[in-house]
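Have a look at the model first.

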Amino acid sequence: MSNSFKICVFISGTGSNLDSIIKKQSLYNYEVVLVVSNKADAKGLDYAKKANIPIYTFKWDKKDTDLTLVQHQIKQHQCDLIVLAGFMRILPEGFINAFENKIINIHPSLLPKYKGLHTHQQVIENKDQTHGASVHFVNAELDGGKIISQSVINVENNDTVESLAKRLLFREHSLLPHTIALIGQNRVQWQTNTLYFDHNKLTNPIIIND
Ligand code: GRF
């Protein structure tokens with residue numbers, strides 16, 4: 001698999017998205033070469049261990065503005081893309097600048113709606129009829145980088161925070177691997193500061209409702 005698209009996945013907790021990313025490696029022809037966590041006891045690290053994927057854990061230190069040691073690991077493993085999958089920290093600007101347009105994140109809302117935490121709660125409080133998840137490039141603004149793809153679900157009258165979270169997570173497990181594949185296949189591509197999908201300017205998110 002030496003010619004495959006190499007990715008590094010950052011997690012902080014359960015890691016169900018990491019699990020789905022690992023399971024779809026051969027389907028989509030990418031390879032998880034490194035898993036990084038700011039929590040040495042993150043449950044999701046078990047998925048990496050089971051799949052024999054190298055793990056790097058580090059202690060979060062807000063004075064470390066470049067995450068130099070993390071950067072070193074990523075470069076050593078020659079990662080083409082960094083995927084934040086349930087990574088619950090805001091990356092420092094020095095790190096983001098070192099990997100410009102090479103970091104993506106999955107967020108449980110239809111961005112630009114509901115940046116930050118408690119997205120399902122806000123959907124219910126605002127009586128929204130639809131909800132969803134977004135995959136976007138990471139820049140210095142929280143959940144503010146260019147949106148690549150989204151998965152959309154309907155909100156039912158009897159939905160709760162828990163039922164929405166569960167239904168959406170199921171969609172995330174398809175959305176994130178599929179989006180990684182589109183980047184790995186160069187179907188989603190930056191040219192200077194513009195994002196293209198299949199050679200057309202990406203003006204609206206790609207809808208992936210698998
Ligand atoms: C997901 O809902 C993701 O969108 C959010 O955190 C959750 C992570 O879940 N950023 P898991 O750790 O992948 O199970």
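**Pockets and ligand**

Strand β8 (residues 188-191) gives the second largest pocket the largest share of its lining, three residues. Strands here are DSSP E runs of at least two residues, helices are H or I runs of at least four, and both are numbered from the N terminus. This is a predicted model, in which local features need pLDDT of at least 70, side-chain atom pairs count only at pLDDT 80 or more, and totals for chains, interfaces and linings use all residues. Residues are numbered from 1 along each chain as its sequence is written, and side-chain values use heavy atoms, leaving out hydrogens and water.

A pocket is an open set of points on a 1 Å grid over the protein atoms alone, where a 1.4 Å probe fits, with protein on both sides within 12 Å along at least five of seven lines; lining residues have an atom within 4 Å of a point. The second largest pocket has a volume of about 160 Å³, the space filled by probe spheres set on points joined across faces, edges and corners. Its lining includes Phe5, Phe137 and Trp190.

Where does the ligand sit? The space it takes is the largest pocket (more than half of its atoms lie within 2 Å of the grid points), with a volume of about 920 Å³. Of the 36 lining residues, Gly86, Phe87, Met88, Ile106 and Pro108 are the closest to the centre.

Ligand oxygen atoms lie 2.6 Å from a side-chain N or O atom of Ser16 and 2.8 Å from one of Glu172. The protein buries 83% of the 370 Å² that the ligand exposes when taken alone, by the Shrake-Rupley method with a 1.4 Å probe.

Methods. A polar contact is a pair of N or O atoms within 3.5 Å; within protein, one must be able to donate a hydrogen and the other to accept it, and residues adjacent in sequence count only if both atoms are side-chain atoms.
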